[in-house]
Amino acid sequence: PVRLNDCHIRDLVAEQGLGVSAETVRTIRRELGLAPKRWRRPARYHRRREREAQRGAMVQIDGSPYRWFGPDQPEYSLVGTLDDASGEPLSAAFRPEEDLHGFTVALRDLITAHGVPPVLYGDRTGIAVRNDSHWSREEEFAGRQHPTHFGAMLEELGIRYIGAHSPEAKGRIERSWQTFQDRLVAEFALHGITDPQAGERFLPGFFARYRGWFGQPPRASGTAFRPAPRHLDRILSCRYPRVVARDNTVSIPGRRVQIPPGPRRASWYRRQVEVRELLDGRLLVLHEGRVIAEEAAPPGPFHLRPRGSQ
């Protein structure tokens, strides 16, 4: 049987046009001798961080591993974004584990639907920030470590990333994950949803209802989201600096691109270029910001992942 918490039952009944309070549901449950879905621990003291005033001023990003499709189904990580000012979920994707591909898909869907936020707030995952102590000679001369692939995307988009040092620091999205694990799992069971593809199709409608349940108007009007840039697909990519070989090819582990001749059939030998692997699997070769070669995506499902060192 599907178990629902008291407030979830109240909201589902309200969607059918019947008004009932959570306390009434709780009273009926107790009279029937039914235990609550989840026992609540005593609250711990914490200092509240004020929400951002304007929609889009800060967006939180995180992943939540859970058995979203039932106790007998594999565990997936739901990687999603949440507006700090209003508390509304903005984008999400199911992944076998928390990875670069999931973070990039969540960022792409966020920007496509809403725009570019000035600040992204998450934990200090190695997907987003460098946590190692290694400095190359080039980094020592530059005075900073090179960013991760995801960090490089954010820099090109003009997004500042803030890494929290504890789950409590990003408690707003952590509490949303708890609500998702409670309500979303129950509704998947109610609708017979048992796979990520069907789950992602269900999410937009659930997000709209979630905004009605828990969303709140920002303190300031307007939005801090900026319009999506041109060539967003090029920005959301892994980048690899390369030197063109004598046969006018460049490669990354597992893939090689043939560069066609330049103007007047000039060779690209020894030129410094950048290879970008896109979210859809295509490879682009750029020289001074201009695309000089492209390779189609490999057959089958593609997952964006770092291929060795940057």
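Arg 219 is exposed, at 52% relative accessibility (exposed is over 50% relative accessible area, buried under 20%, partly exposed in between, with a 1.4 Å probe and protein chains only). The model is predicted; local features need pLDDT of at least 70 and side-chain atom pairs pLDDT 80 or more, while totals for chains, interfaces and linings use all residues. Residues are numbered from 1 along each chain as its sequence is written, and side-chain values use heavy atoms, without hydrogens or water.

Arg 219 forms a salt bridge with Glu 50, at 3.4 Å from N to O (a salt bridge is a side-chain nitrogen of Lys or Arg within 4 Å of a carboxyl oxygen of Asp or Glu). This pair links distant parts of the chain, 169 residues apart. Arg 219 lies in the loop between helices H7 (196–214) and H8 (232–235), and Glu 50 in the loop between H2 and E1. Glu 50 is also exposed, with a relative accessible area of 53%. The whole structure holds 22 salt bridges.

A second pair joins Glu 156 and Arg 239, with the closest N and O atoms 2.8 Å apart. Glu 156 sits in helix H5 (residues 149–157) and Arg 239 in strand E6 (residues 237–243), 83 residues apart. Helices (H or I, at least four residues) and strands (E, at least two) are DSSP runs, numbered from the N terminus. Glu 156 is partly exposed at 40%, whereas Arg 239 is buried at 8%. Glu 274 and Arg 276 form a salt bridge, also with closest N and O atoms 2.8 Å apart. Shared partners join Glu 156, Arg 239, Glu 274 and Arg 276 into one network. Arg 276 is buried at 8%.

Val 105 belongs to helix H3 (residues 100–113). Its relative accessible area is 11%, so Val 105 counts as buried. Beyond its neighbours within four places in sequence, Val 105 is in contact with Ala 93 and Leu 279 (contact means heavy atoms within 4.5 Å). The C-alpha atoms of Val 105 and Ser 91 are 8.7 Å apart, across 14 residues of chain.

The chain contains 8 helices and 11 strands. Its C-alpha trace spans about 85 × 40 × 35 Å along the principal axes. Of its 310 residues, 45% are buried. Among contacts with a separation of 6 or more, 65% involve residues 24 or more positions apart.
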